Amino acid sequence: MDNNFETSSIYDVTALTSLEKLEPVRVRPGMYIGSTGSKGLHHCIWEILDNAIDEITNGYGDRATITLNKDKSVTIEDNGRGIPTGIHPTKKKSGVEMVFTELHTGGKFNNSSYKTSGGLHGVGSSVVNALSEWLEVEVKQNGNIYKQRFEYSYDPSMKKSMPGTAKTKLEVIGKSSETGTKVTFLPDKEVFSTTEFKFDVIDERLQELAFQNKGIRLILIDNRKEEVVEKEYYSERGLLDFIDYLNESKTVLHKPPILFEGEREVNNLNMYGEVCIQFTDSTTEHIASYVNNIPTTESGTHETGFKTGMTRAFKEWAKKLNLIKEKDKEFEGDDLREGMTAILRIKLTNPIFEGQTKTKLGNVEAYAMMNDLSYTKLSEWIEDNKETAALIISNAVDAAARREKIKKINEAEKKKIGKGTAPLAGKVAVCTLKDPKLCEFIVVEGDSAGGSAKQARDRKFQSIMPSKGKIMNTEKQKLENVLSSEELKIFNTAIGTGVLDNYNEEDLKYDKIIILSDADVDGYHIRTLWMTYIYRYMRPLITNGHLYMGLPPLYKVYKEVKGKEIVKYAYSDEELEEAKKEIGKGFLIQRYKGLGEMNPDQLWQTTLSPETRTLQRITIDDAAKAEKMVSLLMGDVVEPRKNYMYKYGEF
């Protein structure tokens, strides 16, 4: 046997390598910021901004400003105390240099400087420095203005190029009677797939932070175009403003919302919690939860404690008020929360984050605190608001009855369907492989495109479901109507997981669910309808990374050279211009009006082949934003949707 690995087969101490200073961040950026795409890029802003917010929420300063600069750098400035500028007694470095060049350096590892903090616990600033072409920090402190610059450049002490190398010492450049920190950095294009900061992403996050931290002022300035855009975020009422914002497109059942707060101590851990609740005529619940300003999109112990305490309070009062008749099915927590929008935020020292993306709270103390706080405060609220409480309990009883009805519908469907795929015959072209990890389920708009896709697909791993036009708007439909939809029944049977409480990830038959529609207004509408259904009824498909949008090309740019056709596909007007330049003079352009215009070969090459297609994974980075957008675009309240359409008419 030919062995090419003989020279590397010895494993001893000489085979070990060590990464120095900030090199680990550069080698494995995903471990520190999640990804090197747009999400990771913006995470760098959040890390520096978290430090500013921590200063403000711990009583130092009252404002923070983000400025997007023309050279693609970004500046974050606050009026807090400023990073310590003194020289560390043992490290013999300034506090500023330590914070930006050493991992796990900061004032958040004991509770003397910060009661609560967000961010990555002392690695945030140094991580941002490691992933930047350059970073400059200015600190106003002790009557002076200090400045230091770091770059990815040659480090004499290491005898090689290193990330985050100090190019200057911390030096005084002026005088000031103010205090604060200003950080400017240019993300490294060698690290990130995009270095374009998105105004809308930052806008949403600042709005959310302002709601959570009433009384603080956040400012966003975009200097990248000729016309400077400046926006200020400030909330006087905090979570009350936040819940108005989330429920803008819904019909609410009571005003004012329920609002309570309190402090508890569990196992010598001091915690603060605040909750805002409002019920709507929606059929789904939405909980936006936060720990020290960090969104906990995978929920956690604080959410579980809140739900338990809330259910206990309402069940006890339902009996006291004689609101449950003998014939009534007793409601559960899920029934009670139907149509509920809730925001809960807690503050605690040393939060423990778990889950795939570290956005799930694990502290058991938080469960005990939120359980007790919610039970106590909601019991008091119900006693003072019996009429509204009776309406909420009545809706919960109705929801329990509906749940029983739906259970019977599901059982009847299971008897019809069994466990085979026979009911899909003629409706879905099923792939031959049975391993879900290798298989894709592709929903294609229209019978014509569906026919081409069935011919173009790889039969081994790709199943095709032609979608007959637009499915129902499930945001506006009752649950039983949704479950009786023939088109959705086919989809549900094919996917295999079940819906809502019956969803079971282990029964998922495909790793990728791909929605493929035309690149026009109708196509966008079809995508939105499918996304709305999946978001409401099969949300784990999104949160577990299974849902994708296929992106068909808008143009084919081609010309014939020596009997051979040279082809470039363009997915936007910008790519069209690039394709023209690449192909050169004499090109022809075909504008695709829909997937049905493509022959099977073109469809395979542009949208089905894993090697050449473009897929967009659908994520819920910001659950509050996703909830609001689904309600806005698909709900019953017209005015907010009109305003949105006027604002984004071109989209």
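Is Asp447 buried or exposed? With a relative accessibility of 52%, Asp447 counts as exposed, where exposed stands for over 50% relative accessible area, buried for under 20%, and partly exposed for what lies in between (1.4 Å probe, protein chains only). The model is a predicted one, in which local features need pLDDT of at least 70 and side-chain atom pairs count only at pLDDT 80 or more, while totals for chains, interfaces and linings use all residues. Residues are numbered from 1 along each chain as its sequence is written, and side-chain values use heavy atoms, with hydrogens and water left out.

**Helices and contacts across the chain**

- Asp447 has its place in helix H12, which covers residues 447–456; helices (H or I, at least four residues) and strands (E, at least two) are DSSP runs, numbered from the N terminus.
- Between Asp447 and Lys468 there are 21 residues of separation in sequence, and their C-alpha atoms are 6.5 Å apart in space.
- Ala313 belongs to helix H8 (residues 301–320), and this residue counts as buried because its relative accessibility is 0%.
- The C-alpha atom of Ala313 is separated by 9.8 Å from that of Trp381, although the two residues are 68 residues apart along the chain.
- Helix H15 runs over residues 521–537, and its 17 residues reach 24 Å from the first C-alpha to the last, close to the 24 Å expected at 1.5 Å a residue; the expected span is 1.5 Å times one less than the number of residues.
- Buried residues of H15 include Gly523, Ile526, Arg527, Leu529 and Trp530, and also Tyr533, Tyr535 and Tyr537.

**Salt bridges**

- The count comes to 31 salt bridges, each being a side-chain nitrogen of Lys or Arg within 4 Å of a carboxyl oxygen of Asp or Glu.
- Asp62 and Arg63 form one of these salt bridges, with their closest N and O atoms 3.9 Å apart; Asp62 is partly exposed at a relative accessible area of 41%, and Arg63 is partly exposed at 37%.
- A further salt bridge joins the side chains of Arg224 and Glu196 at 3.5 Å, N to O. Arg224 lies in the loop between strand E8 (217–222) and strand E9 (229–233), and Glu196 in the loop between strand E7 (180–187) and helix H6 (199–212), so this pair ties together parts that are 28 residues apart in sequence.
- Both partners of that pair are partly exposed, Arg224 with a relative accessible area of 25% and Glu196 with 39%.
- In helix H6, Arg205 and Glu208 are three residues apart and therefore separated by about one helical turn, and they form a salt bridge whose closest N and O atoms are 3.2 Å apart.
- Arg205 counts as buried at 11% relative accessibility, and Glu208 counts as buried at 5%.
- Salt bridges that share partners join Lys72, Glu196, Asp222 and Arg224 into one network.

**Surface charge**

- Asp573, Glu574, Glu575 and Glu578 gather in a patch of negative charge on the surface; such patches are made of residues with over 30% relative accessible area and no salt bridge, like charges being joined within 9 Å and nonpolar side chains (Val, Leu, Ile, Met, Phe, Trp, Tyr) within 5 Å.

Methods. Accessible areas come from the Shrake-Rupley method with a 1.4 Å probe; for residues, only the protein chains shown count as cover. Lys and Arg count as positive and Asp and Glu as negative; His and the chain ends are not counted. The place of a charge is taken as NZ of Lys, CZ of Arg, CG of Asp or CD of Glu.
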